[in-house]
Amino acid sequence: MNHIRKQFFKYVLQSAAGMIGISIYILADTFFIAEYSGADGLTLLNLVLPIYGIIYAIGAMIGIGSATSYNLRKAQGQADTDFYFIHSLLWCAIASIPFMLLGIFLPERILQIMGADPNITRLGIHYLRIVLIGTPCFMINYTFTAFSRNDNAPTTAMIGSLSGSLFNILFDYIFMFPIGMGLAGAALATALSPVVTMLVCCTHFCGKHNHVGFHWRVPSFRRIVSCCQLGVPAFVGEITSAVTTVIFNTLILGLAGNTGVAAYGVIANISLVAMSVLNGVSQGTQPLISETYGSGKIKEAKVLRNTGIAISLAVQITILAVTWKFTEPLIQIFNSEGNPTLFHYAYNGMRLYFLGYLFAGVNILLAGYFSAIGKTTQAFVISMLRGVLAISICAYSMSKLWGMYGIWLSFFASECITFLAIFVMNRYHKK
């Protein structure tokens, strides 16, 4: 068991580091775009952020769900697992087609739907077009990293994610400023960074330690639905930010206009890093838990679950401590114009919004645990409650009562509700 725990910590740490790597290139975009176009740039990026969330969520559901299904079947001794990787790639490519078509033909309309005024629309049309055309890279990237982790190569997946992020940070600057592409350059650097990650992962798939098969099989809708059921927690872990951002943008535009949305953009992008760490912890636990549970070692799987909960608690407390201690400098990094109204909104917002991280990590971990052991109903209920239902109800109702303060506190309220629901479900399940 000690050997398994050591391997478990390795998976968790490397998965979390890899997810931080993925989120850092969004932060790089935020910083450089704020430098290039100030509050308008922050507003644009926050309006586009939900689109990133939807793309990531679909890619995570297909890639992580397929890798989890692959791992469970392999642990159960089933030989028919050599097509899952290619099958996942094909469905990611199919799922990306609508996004690419929207990017080619309707980027202006999409920005208007997201709440952009004419000025923000003009600023962001080329940025959004490039992002949407790059959808296959974003989605397929999850398949490469998930199968690398599940094939005992978490280090390769981590190095790949960090390499992609470093590429994005460097070429954000090069494309935007020396070459003079502006926001289109930021989008191009972001769209190309997953390619770097996938190339690094290919060093494992082409190596002697690879056990992932690359056999062709006709795409099966029934089979991908089965895989996606296991990927629902990963989907909701990513879509939560998108849903929250859409709801918050809509409410904040009515209460505080573009400056309020720009302030929320600062909070949302810092939150993206925090959420990525917690999603990384959850995703890092899944390969070993599914392998252990699939082999019939139920007690060992529960020990790994409890260890994951302890790690999530430690990460949650650290996130809250850091954001409360460094609230002002974190905001000033992105407030290049020194806008006092933006600072006021963001300061109060960050202090209240990040209280939700007292519960978020454990909720994400437990949703991932249920998925890893094949209990898709429990995983789905938890994921949908925290990702869509609770946050929607809390944001709308609390904003009516307390305005901006209610919006900031709604994330905390929704995570509390989810935690209580998990507690009740667990008591009922034991009976």
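Helices H5 and H6 are roughly antiparallel to each other in this predicted model. H5 covers residues 135–150 and H6 covers residues 154–176. Two packed helices are described by the angle between their axes and the distance between the axes. For this pair, the axes cross at roughly 150 degrees and come within 7 Å. Because angles over 145 degrees count as roughly antiparallel, the pair receives that description.

Which residues of H5 and H6 meet? On the H5 side they are Thr145, Ser148 and Arg149, and on the H6 side Pro154, Ala157 and Ser161. By class, this contact comprises three polar residues, two nonpolar residues and one charged residue.

Between H5 and H6 there is a loop, and Asn152 is found in it. The phi angle of Asn152 is near 60 degrees, a positive value in a residue other than glycine. Is Asn152 buried, partly exposed or exposed? Its relative accessibility is 47%, so Asn152 counts as partly exposed.

H4, residues 118–133, has an axis that comes within 4 Å of the axis of H5, and the two cross at roughly 45 degrees. That angle makes H4 oblique to H5. Val131, Leu132 and Ile133 of H4 make the contact with Thr135, Pro136 and Phe138 of H5. Here the classes are five nonpolar residues, one polar and no charged.

Several residues of H10 are buried, among them Leu304, Gly308, Ile311, Val315, Ile319 and Leu320. The buried set also includes Thr307, Ser312, Gln316 and Thr323.

Finally, the chain as a whole. It contains 14 helices and zero strands. Of its 431 residues, 59% count as buried. Among contacts with a separation of 6 or more, 82% are between residues 24 or more positions apart. Taken along the principal axes, the C-alpha atoms fill a box of roughly 60 × 50 × 35 Å.

What radius of gyration does the chain have, and what would a compact globule have? A compact globule with 431 residues would have a value near 22 Å; the chain has 21 Å, which agrees.

Thank you for your attention.

Conventions. Residues are numbered from 1 along each chain as its sequence is written. This is a predicted model: local features need pLDDT of at least 70, side-chain atom pairs count only at pLDDT 80 or more; totals for chains, interfaces and linings use all residues. Side-chain values use heavy atoms; hydrogens and water are left out. Buried means under 20% relative accessible area, exposed over 50%, partly exposed in between (1.4 Å probe, protein chains only). Axes are lines fitted to C-alpha atoms, for helices over the stretch in contact, and angles run from 0 to 180 degrees between N-to-C directions. Angles under 35 degrees count as roughly parallel, over 145 as roughly antiparallel, 65 to 115 as roughly perpendicular and the rest as oblique. Contact means heavy atoms within 4.5 Å. Ala, Val, Leu, Ile, Met, Phe, Trp, Tyr, Cys and Pro count as nonpolar, Asp, Glu, Lys and Arg as charged, and the others, Gly among them, as polar. The radius of gyration is taken over C-alpha atoms; the globule rule is 2.2 Å times the number of residues to the power 0.38.
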